[in-house]
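Let's explore a protein model together, one question at a time. Take a look at the structure first, and then we'll work through some of its features.

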Amino acid sequence: MRRVRYESTGGPLFVEEVPVPAPGPGELLVRCAAVGVTLPVVRKVTEAAKPVPLGGEIAGEVAAAGEGVTRFRAGDRVTGLCFGHGYAEYALLHEAMASPVPEGADAVTAVALVRGGLVASGALEAARLAPGESVLVTAAASGVGHLAVQLARARGAGRVLGAVSGRTKADFVRSLGADDCVRYDDESWGDPVDCVLDAVGGDLLTPALAALAPHGRLVAYSSGGGTIQAYDLLVGAKSVIGFQMALIARGRPELYEGWRQELWRLFAEGALKPAVHGEFALEDAAAAHEVITGRANLGKVVLRP
(Lines give C-alpha, C1' and ligand atoms only; values in the text may rest on other atoms or scores of the structure.)
Protein backbone atom coordinates (compact mmCIF):
# COMPACT_ATOMS: atom_id res chain seq x y z
CA MET A 1 0.00 0.00 0.00
CA ARG A 2 1.00 3.65 -0.32
CA ARG A 3 1.47 5.98 2.64
CA VAL A 4 2.96 9.41 3.25
CA ARG A 5 6.00 9.80 5.48
CA TYR A 6 8.88 12.19 6.17
CA GLU A 7 12.36 11.61 7.56
CA SER A 8 13.39 14.90 9.17
CA THR A 9 11.78 17.92 10.79
CA GLY A 10 10.21 20.09 8.14
CA GLY A 11 9.93 17.34 5.56
CA PRO A 12 9.85 16.83 2.65
CA LEU A 13 6.83 14.54 2.53
CA PHE A 14 7.05 11.54 0.24
CA VAL A 15 4.96 8.50 -0.66
CA GLU A 16 6.38 5.04 0.05
CA GLU A 17 5.22 1.47 -0.55
CA VAL A 18 4.78 -0.60 2.64
CA PRO A 19 2.89 -3.78 3.59
CA VAL A 20 -0.75 -3.46 4.64
CA PRO A 21 -0.80 -3.58 8.47
CA ALA A 22 -2.70 -6.23 10.41
CA PRO A 23 -5.23 -5.08 13.03
CA GLY A 24 -4.32 -5.87 16.62
CA PRO A 25 -6.74 -6.49 19.50
CA GLY A 26 -9.49 -3.87 19.51
CA GLU A 27 -8.38 -2.39 16.18
CA LEU A 28 -10.00 -1.97 12.78
CA LEU A 29 -8.12 -2.06 9.50
CA VAL A 30 -9.76 0.68 7.42
CA ARG A 31 -9.45 1.08 3.65
CA CYS A 32 -9.22 4.87 3.61
CA ALA A 33 -11.41 6.83 1.21
CA ALA A 34 -10.75 10.25 2.77
CA VAL A 35 -8.21 11.65 5.23
CA GLY A 36 -8.55 15.00 6.97
CA VAL A 37 -5.61 17.42 7.11
CA THR A 38 -5.39 19.38 10.37
CA LEU A 39 -3.15 22.11 11.75
CA PRO A 40 -1.90 19.95 14.69
CA VAL A 41 -0.66 17.28 12.26
CA VAL A 42 0.94 19.90 9.99
CA ARG A 43 2.71 21.35 13.03
CA LYS A 44 4.13 17.92 13.88
CA VAL A 45 5.99 17.92 10.58
CA THR A 46 7.50 21.34 11.17
CA GLU A 47 7.99 21.28 14.95
CA ALA A 48 8.37 17.71 16.27
CA ALA A 49 11.91 16.85 17.37
CA LYS A 50 11.83 13.64 15.34
CA PRO A 51 9.54 12.22 12.64
CA VAL A 52 6.18 10.92 13.85
CA PRO A 53 3.37 9.06 12.05
CA LEU A 54 0.98 11.36 10.21
CA GLY A 55 -2.31 10.42 11.83
CA GLY A 56 -5.62 12.20 12.11
CA GLU A 57 -9.13 11.92 10.78
CA ILE A 58 -9.90 9.06 8.41
CA ALA A 59 -13.03 7.65 6.82
CA GLY A 60 -13.52 4.53 4.76
CA GLU A 61 -14.56 0.89 4.85
CA VAL A 62 -13.55 -1.72 7.41
CA ALA A 63 -11.34 -4.29 5.67
CA ALA A 64 -10.71 -6.44 8.75
CA ALA A 65 -11.37 -6.38 12.49
CA GLY A 66 -8.94 -7.42 15.22
CA GLU A 67 -9.57 -9.70 18.17
CA GLY A 68 -12.17 -8.41 20.62
CA VAL A 69 -13.88 -5.98 18.24
CA THR A 70 -17.64 -6.14 18.77
CA ARG A 71 -19.18 -3.02 17.20
CA PHE A 72 -17.93 -3.30 13.60
CA ARG A 73 -17.19 -5.89 10.95
CA ALA A 74 -15.71 -6.00 7.47
CA GLY A 75 -17.71 -3.88 5.02
CA ASP A 76 -18.93 -1.32 7.57
CA ARG A 77 -18.28 2.34 6.76
CA VAL A 78 -16.58 4.21 9.60
CA THR A 79 -14.81 7.43 10.48
CA GLY A 80 -12.58 8.27 13.41
CA LEU A 81 -9.27 9.51 14.74
CA CYS A 82 -6.18 7.49 13.86
CA PHE A 83 -3.13 7.91 16.10
CA GLY A 84 -0.78 5.95 13.83
CA HIS A 85 -0.17 6.32 10.10
CA GLY A 86 -3.35 7.83 8.68
CA TYR A 87 -2.03 9.38 5.46
CA ALA A 88 -2.31 6.01 3.75
CA GLU A 89 -4.45 3.69 1.66
CA TYR A 90 -5.03 1.55 4.78
CA ALA A 91 -4.92 2.67 8.41
CA LEU A 92 -5.46 1.18 11.84
CA LEU A 93 -8.28 2.68 13.88
CA HIS A 94 -9.05 1.72 17.46
CA GLU A 95 -12.65 0.62 17.89
CA ALA A 96 -13.22 3.16 20.69
CA MET A 97 -12.33 6.01 18.30
CA ALA A 98 -14.55 4.78 15.45
CA SER A 99 -18.03 5.98 14.52
CA PRO A 100 -20.39 4.58 11.88
CA VAL A 101 -21.10 6.63 8.77
CA PRO A 102 -24.85 6.66 8.01
CA GLU A 103 -26.45 6.04 4.65
CA GLY A 104 -26.60 9.14 2.49
CA ALA A 105 -23.20 10.48 3.60
CA ASP A 106 -19.92 9.88 1.78
CA ALA A 107 -16.42 9.55 3.24
CA VAL A 108 -15.42 13.16 2.49
CA THR A 109 -18.50 14.47 4.28
CA ALA A 110 -17.75 12.21 7.24
CA VAL A 111 -14.18 13.48 7.54
CA ALA A 112 -15.30 17.10 7.18
CA LEU A 113 -18.13 16.73 9.69
CA VAL A 114 -17.40 14.36 12.53
CA ARG A 115 -14.05 15.14 14.12
CA GLY A 116 -14.25 18.91 13.57
CA GLY A 117 -17.89 18.88 14.64
CA LEU A 118 -17.08 16.96 17.81
CA VAL A 119 -14.42 19.52 18.75
CA ALA A 120 -16.83 22.37 18.04
CA SER A 121 -19.57 20.64 20.05
CA GLY A 122 -17.26 20.07 22.98
CA ALA A 123 -15.98 23.64 22.94
CA LEU A 124 -19.54 24.98 22.98
CA GLU A 125 -20.38 22.60 25.81
CA ALA A 126 -17.34 23.74 27.78
CA ALA A 127 -18.41 27.36 27.24
CA ARG A 128 -21.82 26.56 28.76
CA LEU A 129 -23.50 28.52 25.98
CA ALA A 130 -27.07 29.36 26.99
CA PRO A 131 -29.87 30.15 24.52
CA GLY A 132 -29.80 33.80 23.51
CA GLU A 133 -26.16 34.36 24.48
CA SER A 134 -23.58 35.71 22.05
CA VAL A 135 -20.52 33.81 20.85
CA LEU A 136 -17.43 34.72 18.85
CA VAL A 137 -15.44 32.03 17.01
CA THR A 138 -11.82 32.64 16.03
CA ALA A 139 -10.43 30.84 12.97
CA ALA A 140 -14.06 30.85 11.92
CA ALA A 141 -13.34 29.67 8.37
CA SER A 142 -11.33 26.64 9.50
CA GLY A 143 -12.37 22.98 9.52
CA VAL A 144 -13.57 23.28 13.13
CA GLY A 145 -14.49 26.96 13.13
CA HIS A 146 -16.96 26.89 10.24
CA LEU A 147 -18.85 24.08 12.00
CA ALA A 148 -18.73 25.92 15.36
CA VAL A 149 -20.42 28.93 13.75
CA GLN A 150 -23.28 26.76 12.50
CA LEU A 151 -23.56 24.72 15.71
CA ALA A 152 -23.74 27.86 17.84
CA ARG A 153 -26.69 29.01 15.78
CA ALA A 154 -28.33 25.57 15.94
CA ARG A 155 -27.92 25.54 19.73
CA GLY A 156 -29.76 28.83 20.11
CA ALA A 157 -27.08 31.51 20.24
CA GLY A 158 -28.58 34.97 19.94
CA ARG A 159 -25.61 36.50 18.09
CA VAL A 160 -22.82 34.63 16.31
CA LEU A 161 -19.63 36.39 15.22
CA GLY A 162 -16.57 35.13 13.40
CA ALA A 163 -12.99 36.37 13.66
CA VAL A 164 -10.87 35.84 10.55
CA SER A 165 -7.79 37.12 8.77
CA GLY A 166 -9.26 38.49 5.56
CA ARG A 167 -12.28 39.57 3.51
CA THR A 168 -12.72 36.32 1.56
CA LYS A 169 -12.96 34.36 4.78
CA ALA A 170 -15.35 36.91 6.25
CA ASP A 171 -17.69 36.53 3.28
CA PHE A 172 -17.51 32.74 3.63
CA VAL A 173 -18.33 32.82 7.35
CA ARG A 174 -21.26 35.19 6.81
CA SER A 175 -22.60 32.76 4.19
CA LEU A 176 -22.73 30.12 6.96
CA GLY A 177 -25.11 32.25 9.01
CA ALA A 178 -22.80 34.40 11.12
CA ASP A 179 -24.27 37.79 12.00
CA ASP A 180 -20.98 39.51 11.31
CA CYS A 181 -17.21 39.05 11.13
CA VAL A 182 -14.24 40.94 12.52
CA ARG A 183 -10.66 40.98 11.31
CA TYR A 184 -7.87 40.01 13.69
CA ASP A 185 -6.19 43.36 13.17
CA ASP A 186 -9.33 45.44 13.78
CA GLU A 187 -8.83 47.99 16.54
CA SER A 188 -12.05 46.81 18.19
CA TRP A 189 -13.93 43.53 17.88
CA GLY A 190 -17.27 45.25 18.49
CA ASP A 191 -19.76 44.72 21.29
CA PRO A 192 -18.59 42.29 24.00
CA VAL A 193 -19.76 38.68 23.79
CA ASP A 194 -20.65 36.04 26.36
CA CYS A 195 -18.39 33.33 24.92
CA VAL A 196 -15.28 33.09 22.77
CA LEU A 197 -14.17 29.84 21.16
CA ASP A 198 -10.47 30.28 20.40
CA ALA A 199 -8.61 28.01 18.00
CA VAL A 200 -5.62 30.31 17.44
CA GLY A 201 -3.97 31.17 20.75
CA GLY A 202 -0.67 33.02 20.89
CA ASP A 203 -0.88 36.80 20.59
CA LEU A 204 -4.56 36.54 19.67
CA LEU A 205 -5.47 35.57 23.24
CA THR A 206 -5.27 39.20 24.36
CA PRO A 207 -7.91 40.63 21.97
CA ALA A 208 -10.00 37.45 22.34
CA LEU A 209 -10.13 37.92 26.11
CA ALA A 210 -10.85 41.64 25.68
CA ALA A 211 -13.85 40.73 23.50
CA LEU A 212 -15.56 39.05 26.45
CA ALA A 213 -18.29 40.76 28.45
CA PRO A 214 -18.08 40.62 32.28
CA HIS A 215 -18.50 37.02 33.46
CA GLY A 216 -17.71 35.83 29.94
CA ARG A 217 -16.04 32.51 29.14
CA LEU A 218 -13.19 31.83 26.73
CA VAL A 219 -12.63 28.24 25.64
CA ALA A 220 -9.12 27.55 24.33
CA TYR A 221 -8.81 24.44 22.19
CA SER A 222 -5.81 25.30 20.03
CA SER A 223 -2.23 24.10 20.21
CA GLY A 224 -0.93 27.63 19.64
CA GLY A 225 -0.10 28.38 23.28
CA GLY A 226 -0.10 31.90 24.66
CA THR A 227 -0.12 33.73 27.98
CA ILE A 228 -2.95 35.42 29.87
CA GLN A 229 -2.49 37.93 32.69
CA ALA A 230 -4.45 37.04 35.82
CA TYR A 231 -5.49 40.68 36.23
CA ASP A 232 -7.29 40.57 32.88
CA LEU A 233 -9.47 37.82 34.31
CA LEU A 234 -10.05 39.47 37.67
CA VAL A 235 -11.32 42.83 36.44
CA GLY A 236 -14.18 41.28 34.46
CA ALA A 237 -14.68 38.08 36.45
CA LYS A 238 -13.88 36.24 33.22
CA SER A 239 -13.04 32.56 32.84
CA VAL A 240 -10.64 30.67 30.57
CA ILE A 241 -11.36 26.99 29.99
CA GLY A 242 -9.13 24.48 28.23
CA PHE A 243 -10.72 21.78 26.07
CA GLN A 244 -9.22 18.65 24.53
CA MET A 245 -11.32 16.20 22.55
CA ALA A 246 -9.13 13.17 23.28
CA LEU A 247 -9.93 13.34 27.00
CA ILE A 248 -13.66 13.20 26.25
CA ALA A 249 -13.32 10.37 23.75
CA ARG A 250 -11.35 8.26 26.23
CA GLY A 251 -13.04 9.20 29.49
CA ARG A 252 -16.62 10.22 28.59
CA PRO A 253 -17.63 8.05 25.62
CA GLU A 254 -21.32 8.72 26.29
CA LEU A 255 -20.80 12.44 25.63
CA TYR A 256 -18.77 11.66 22.52
CA GLU A 257 -21.56 9.46 21.19
CA GLY A 258 -24.29 11.98 22.03
CA TRP A 259 -22.51 14.78 20.20
CA ARG A 260 -21.85 12.51 17.22
CA GLN A 261 -25.55 11.70 16.93
CA GLU A 262 -26.42 15.39 17.15
CA LEU A 263 -24.02 16.17 14.29
CA TRP A 264 -25.55 13.60 11.96
CA ARG A 265 -29.08 14.70 12.92
CA LEU A 266 -28.33 18.35 12.15
CA PHE A 267 -26.63 17.33 8.91
CA ALA A 268 -29.70 15.31 7.88
CA GLU A 269 -31.94 18.29 8.70
CA GLY A 270 -29.79 20.65 6.63
CA ALA A 271 -28.82 22.76 9.65
CA LEU A 272 -25.16 21.76 9.46
CA LYS A 273 -23.30 21.91 6.16
CA PRO A 274 -19.63 20.88 6.26
CA ALA A 275 -17.53 22.68 3.67
CA VAL A 276 -14.57 21.13 1.83
CA HIS A 277 -11.89 23.52 0.63
CA GLY A 278 -10.18 21.00 -1.62
CA GLU A 279 -9.29 17.36 -2.21
CA PHE A 280 -5.69 16.24 -2.80
CA ALA A 281 -4.02 12.95 -3.77
CA LEU A 282 -1.52 11.38 -1.36
CA GLU A 283 1.26 12.49 -3.71
CA ASP A 284 0.09 16.08 -3.20
CA ALA A 285 0.07 15.99 0.61
CA ALA A 286 2.70 18.73 0.74
CA ALA A 287 0.41 21.04 -1.27
CA ALA A 288 -2.44 20.24 1.15
CA HIS A 289 -0.17 21.18 4.07
CA GLU A 290 0.70 24.45 2.36
CA VAL A 291 -2.98 25.40 2.27
CA ILE A 292 -3.17 24.87 6.04
CA THR A 293 0.10 26.65 6.91
CA GLY A 294 -0.93 29.56 4.71
CA ARG A 295 -4.29 29.71 6.54
CA ALA A 296 -5.97 29.80 3.14
CA ASN A 297 -8.61 27.13 3.66
CA LEU A 298 -12.33 27.75 3.69
CA GLY A 299 -13.54 24.62 5.46
CA LYS A 300 -11.84 21.22 5.40
CA VAL A 301 -8.77 20.11 3.46
CA VAL A 302 -8.96 16.41 2.50
CA LEU A 303 -6.60 13.79 1.08
CA ARG A 304 -8.06 11.11 -1.21
CA PRO A 305 -5.88 7.93 -1.14
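Q: Which exposed residues does the face of helix 4 turned away from its buried side carry?
A: First, a word on the model: it is predicted, with local features needing pLDDT of at least 70 and side-chain atom pairs counting only at pLDDT 80 or more, while totals for chains, interfaces and linings use all residues. Residues are numbered from 1 along each chain as its sequence is written, and side-chain values use heavy atoms, leaving out hydrogens and water. Helices (H or I, at least four residues) and strands (E, at least two) are DSSP runs, numbered from the N terminus, and exposed means over 50% relative accessible area, buried under 20% and partly exposed in between (1.4 Å probe, protein chains only). The exposed residues on that face of helix 4 are Arg167, Thr168 and Ser175.

Q: Why do the buried residues of helix 4 line one face of the helix?
A: Helix 4 covers residues 167–175, and its buried residues are Lys169, Ala170, Phe172 and Val173. The arc used here is that of the directions from the helix axis to the C-beta atoms. Seen down the axis, the buried residues line one face because they fall within an arc of 160 degrees.

Q: Which elements are included in what covers the buried residues of helix 4?
A: Think of helix 4 as part of a right-handed β-α-β unit with strand 9 and strand 10. Right-handed means that, with the strands pointing away from the viewer, the path from the first strand over the helix to the second runs clockwise. The cover over the buried residues includes helix 3 (145–154), strand 9 (159–164) and strand 10 (180–183).

Q: In strand 10, what is the bridge partner of Leu161?
A: Two strands pair if DSSP finds at least two bridges between them. Strand 9 pairs with strand 8 (residues 134–138) in the parallel sense over five bridges, and with strand 10, also in the parallel sense, over four bridges. Leu161 in strand 9 is the bridge partner of Leu136. In strand 10, the partner of Leu161 is Asp180.

Q: Which side chain meets Asp180 in a salt bridge?
A: A salt bridge here is a side-chain nitrogen of Lys or Arg within 4 Å of a carboxyl oxygen of Asp or Glu. Asp180 is partly exposed, with a relative accessible area of 36%. At 3.1 Å, N to O, the side chain that meets Asp180 is that of Arg174.

Q: How many residues apart in sequence are the parts that Glu279 and Arg304 tie together?
A: Glu279 and Arg304 form a salt bridge, with the closest N and O atoms 3.1 Å apart. Glu279 lies in strand 14 (residues 276–280) and Arg304 in the segment after strand 15 (300–303), so the parts tied together are apart in sequence by 25 residues.

Conventions
Contact = heavy atoms within 4.5 Å.
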